Amino acid sequence: MTYESICEELDSLALSYLNILNEYTYDWKNTSNEFQQGFLDLAHAKYTMGARTISHYSYDERMKALLQV
């Protein structure tokens, strides 16, 4: 291997790493926003229901998760 080929390989790996890191950051922000909206929706539901508490018994059994990890 020549010096130039090693440099090109390192550059390629660095760009790949940065692209993956960018995708991870983007996905992390989107997930964070989804959780934030979910917590706001839950808080609104609790406020709307008044003194009653919200539990897993309060949800419609037909409700399914949109995403699974």
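S32 is partly exposed, with a relative accessible area of 33%. Partly exposed sits between two cut-offs: buried is under 20% relative accessible area and exposed is over 50%, using a 1.4 Å probe and protein chains only. S32 lies in helix α1. Helices here are DSSP runs of H or I with at least four residues, strands are E runs with at least two, and both are numbered from the N terminus.

A word on the source. This is a predicted model, where local features need pLDDT of at least 70, side-chain atom pairs count only at pLDDT 80 or more, and totals for chains, interfaces and linings use all residues. Residues are numbered from 1 along each chain as its sequence is written, and side-chain values use heavy atoms, with hydrogens and water left out.

Back to S32. How far apart are the C-alpha atoms of S32 and C7? They are separated by 37 Å, and the two residues are 25 apart along the chain.

Next, T2. T2 is found in the segment before α1. With a relative accessible area of 46%, T2 is partly exposed. From T2 to K29 is 27 residues in sequence and 41 Å in space, C-alpha to C-alpha.

Now Y24. Y24 lies in α1, which covers residues 3–49. Y24 counts as exposed, at 53% relative accessibility. Y24 also belongs to a nonpolar surface patch, together with L15, Y17, L18, L21 and W28. The patch has about 710 Å² of accessible area. Such areas come from the Shrake-Rupley method with a 1.4 Å probe.

Now the whole protein. Of the 69 residues, 1% count as buried.

How values were computed
Patches are made of residues with over 30% relative accessible area and no salt bridge: like charges are joined within 9 Å, nonpolar side chains (Val, Leu, Ile, Met, Phe, Trp, Tyr) within 5 Å. A salt bridge is a side-chain nitrogen of Lys or Arg within 4 Å of a carboxyl oxygen of Asp or Glu.
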